[in-house]
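The following paragraphs lead through a structure, from its overall make-up to the contacts of single residues. Please keep the sequence and the 3D view at hand while reading.

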Amino acid sequence: MAWHDVPPWTAKRAAADEQMTQLAEIVRRWHVRRISSTTAVEKVRELLEPVRVRVGGQEHTPEVQT
C-alpha cells in the first residue's frame, strides 16, 4: 500500500482505535462477570505487550567500527 493511500499517522490512529475497542470489550466482559479478574488482566497484557521473537541462541551485538 502506498504512502498516499493511507498516511502513517492515520494508520497508527486506526490501530490505536482498534486496540482500545479490544480493551473495552475485555473490560465489558469482566464487568458482566463472563471472565475472571485474572483472565482479564492476562488478556490485557497479551494485547499491550509487544511480541518479541528471538531467533537463535544469542542476542545480536552490533559491531562498533571506529
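**A guided reading of the model**

Arg33 is exposed, with a relative accessible area of 63%; buried means under 20% relative accessible area, exposed over 50%, and partly exposed in between, with a 1.4 Å probe and protein chains only. The model is a predicted one, in which local features need pLDDT of at least 70 and side-chain atom pairs count only at pLDDT 80 or more, whereas totals for chains, interfaces and linings use all residues. Residues are numbered from 1 along each chain as its sequence is written, and side-chain values use heavy atoms, with hydrogens and water left out.

The protein chain contains 2 helices and 0 strands; helices (H or I, at least four residues) and strands (E, at least two) are DSSP runs, numbered from the N terminus. Of its 66 residues, 6% count as buried. Its accessible surface is about 6500 Å², with 55% belonging to carbon and sulfur atoms, as given by the Shrake-Rupley method with a 1.4 Å probe.

Helix 1 has 24 residues and spans 34 Å from its first C-alpha to its last, close to the 34 Å expected at 1.5 Å a residue; the expected span is 1.5 Å times one less than the number of residues. Just after this helix, Arg33 takes a positive phi of about 65°, although Arg33 is not a glycine. Arg33 belongs to the loop between helix 1 (8–31) and helix 2 (37–48).

How do the two helices pack, and at what angle? Their axes, lines fitted to C-alpha atoms over the stretch in contact, are 10 Å apart and form an angle of about 175°. Helix 1 and helix 2 are therefore roughly antiparallel, a term for angles over 145 degrees.

In this packing, Gln19, Gln22, Leu23, Ile26, Arg29 and Trp30 of helix 1 meet Ser37, Ala40, Lys43, Val44, Leu47 and Leu48 of helix 2, contact meaning heavy atoms within 4.5 Å. By class, this contact has 7 nonpolar, 3 polar and 2 charged residues. Leu48, in helix 2, is partly exposed at a relative accessible area of 48%. Beyond its neighbours within four places in sequence, Leu48 is in contact with Gln19 and Leu23. Leu48 and Gln19 are 29 residues apart in sequence and 8.3 Å apart in space, C-alpha to C-alpha.

Definitions and conventions
Axes are lines fitted to C-alpha atoms, for helices over the stretch in contact, and angles run from 0 to 180 degrees between N-to-C directions. Angles under 35 degrees count as roughly parallel, over 145 as roughly antiparallel, 65 to 115 as roughly perpendicular and the rest as oblique. Ala, Val, Leu, Ile, Met, Phe, Trp, Tyr, Cys and Pro count as nonpolar, Asp, Glu, Lys and Arg as charged, and the others, Gly among them, as polar.
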